[in-house]
Amino acid sequence: MKIIVAADKKWGIGYRNKLLVSIPKDMKHFKECTTGNVIVLGRKTMETFPGGRPLPNRTNIVLSGNKNLKIEGATVVNDIPALLEELKKYDSDSVYIVGGESIYRQMLPYCDTAIVTRIDHAYSADAFFPDLDSDPEWEIADESDEEYYFDVIYTFTTYKRK
Ligand SMILES: NC(=O)c1ccc[n+]([C@@H]2O[C@H](COP(=O)([O-])OP(=O)(O)OC[C@H]3O[C@@H](n4cnc5c(N)ncnc54)[C@H](OP(=O)(O)O)[C@@H]3O)[C@@H](O)[C@H]2O)c1
């Protein structure tokens, strides 16, 4: 199981339920990684998607504590054990945890790969990803050359569990 996230210098990932910055090449990278696969997300992150709807061409699994919630185009699960049971239907290599903060924190222990867009800037943030650079269980396995979006510098970095 993999995690995919865009994080700034301080591992900030969002502010007021929005992304910190929207980088077109990063959006394309996210789409390429996840299309045809399974994405796992929190109910709040789904609300940030276009129209507040599940993403097309992917199996969307949404976590919510609301047992009455039904979402067309998504499977809703009400807790982590139910999520893990649902995920048994899929090859774990095809599963991507796509956020937000609460889902990342709960699911990181089940993941062996983190695909991180590292953005070399510190934004105002109120949602964070765990700092993998200071976590002895994780190491950088691959890092792209620097990419530029106007004055924003970023890299596509893959972390692996040791
Ligand atoms: N930079 C990135 O790559 C990236 C990616 C995704 C999101 N984000 C950012 O992350 C922020 C949102 O993160 P967040 O932590 O506030 O929200 P979230 O993780 O997207 O969603 C939280 C909601 O998920 C449900 N949930 C969480 N754990 C659950 C559990 N164990 N059982 C049942 N339901 C559970 C609850 O829904 P109910 O309230 O319905 O019970 C909870 O309110 C936003 O700023 C967003 O832009 C950033």
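1. Two strands are said to pair when DSSP finds at least two bridges between them. With that in mind, welcome to this structure, which is a predicted model. Strands E1 and E8 pair in the parallel sense, over six bridges. Within this pairing, Ala-7 has Arg-118 of E8 as its bridge partner.

2. Please look next at strand E8 itself, which spans residues 113-119. Five of its seven residues are buried, so the strand is mostly covered; here buried means 20 or more other C-beta atoms within 10 Å. E8 also pairs with strand E12 (residues 152-161), this time in the antiparallel sense and over seven bridges. Ile-119 has Tyr-154 in E12 as its bridge partner.

3. Strand E12 also holds Arg-161. Is Arg-161 buried or partly exposed? Arg-161 is partly exposed, because 15 other C-beta atoms lie within 10 Å, and a residue needs 20 or more to count as buried. Apart from neighbours within four places in sequence, Arg-161 is in contact with Asp-112, Glu-137 and Trp-138. Its C-alpha atom is separated by 29 Å from that of Thr-48, a residue 113 places away along the chain.

4. Now for the ligand. Which residues are closest to the ligand? Of the 27 residues that surround the ligand, the closest are Gly-14, Gly-42, Gly-65, Gly-99 and Gly-100. The shell comprises nine nonpolar, 13 polar and five charged residues.

5. Several elements supply at least two residues each to that shell: strands E1 (2-7), E2 (12-15) and E3 (18-19), along with helices H2 (43-48) and H4 (101-107).

Technical notes. Residues numbered from 1 in each chain as written. Predicted model: local features only at pLDDT ≥ 70, side-chain atom pairs only at ≥ 80, totals over all residues. Near = placed C-beta within 6 Å. Helix = DSSP H or I, 4+ residues; strand = E, 2+ residues; numbered from the N terminus. Nonpolar A, V, L, I, M, F, W, Y, C, P; charged D, E, K, R; others polar. Buried ≥ 20, exposed ≤ 12 C-beta atoms within 10 Å, placed from the backbone. Contact = placed C-beta atoms within 7 Å.
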